[in-house]
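The sequence and structure are shown below.

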Amino acid sequence: ARDEMESIVLKEPIEKSLEGDRYTWMDAECEKLLKSLRHQSDLRYMTFFIQPNYPADYAAFIARPMDWERVQKTLKKRQYDKFGDVIDDLRLIFTNALKYNARHAGTDTVSGRAYDAAKYMSAKLEAAINKMMITVSDRIERERIDHNN
């Protein structure tokens, strides 16, 4: 049932408001996901991922750089079409970091710390995604039922 719920939510088109207007409930759910990565207590982990600050050789390893601010700007401009697109970009922040910093994992270097931080924040993101999946699928379900009645 979980996989089914996930595939429904990931493919669900996001109902968007106009840029500058209040977010629709769907946009707001995406924003909640973003905010779940920005708690005070996590700042020492997230500091690596908020703004683009890529090392010189980054492009040699990573095809599609991604950072928190880029996701936020894309959401603000209402450029995400599906929940899955937002989730993919958020996951990419951390999978990129894990890939790039893997050779320094376990070392006391900036890269080693970035690797650990990516592991920690990635787990946190997955927990937030799971929560969002339940909220969104329930609401989609309710709206379909209301619509059919």
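Predicted model: local features only at pLDDT ≥ 70, side-chain atom pairs only at ≥ 80, totals over all residues.

Lys16 and Asp81 form a salt bridge, with 2.6 Å between the closest N and O atoms. The pair links distant parts of the chain, 65 residues apart. Lys16 belongs to the loop between helix 1 (2–11) and helix 2 (25–35), and Asp81 to the loop between helix 5 (68–76) and helix 6 (83–101).

## A link between helices 6 and 7

A salt bridge also joins the side chains of Arg91 and Glu126, at an N to O distance of 2.8 Å. Because Arg91 lies in helix 6 and Glu126 in helix 7 (residues 110–148), this pair ties together parts that are 35 residues apart in sequence.

Glu126 counts as partly exposed, with 26% relative accessibility. Arg91 is partly exposed at 25% relative accessible area.

## Arg113 and Asp108

Arg113 forms a salt bridge with Asp108, in which the closest N and O atoms are 2.7 Å apart. Arg113 is partly exposed at 39% relative accessibility. Asp108, at 68%, counts as exposed, because its value is over 50%.

## Overall count

Side chains of opposite charge can pair when their charged atoms come close. With a limit of 4 Å between nitrogen and carboxyl oxygen, the count comes to twelve salt bridges, including Lys16 with Asp81, Glu126 with Arg91 and Arg113 with Asp108.

Technical notes. Residues numbered from 1 in each chain as written. Heavy atoms only, no water. Helix = DSSP H or I, 4+ residues; strand = E, 2+ residues; numbered from the N terminus. Buried < 20%, exposed > 50% of the residue type's maximum accessible area, 1.4 Å probe, protein only.
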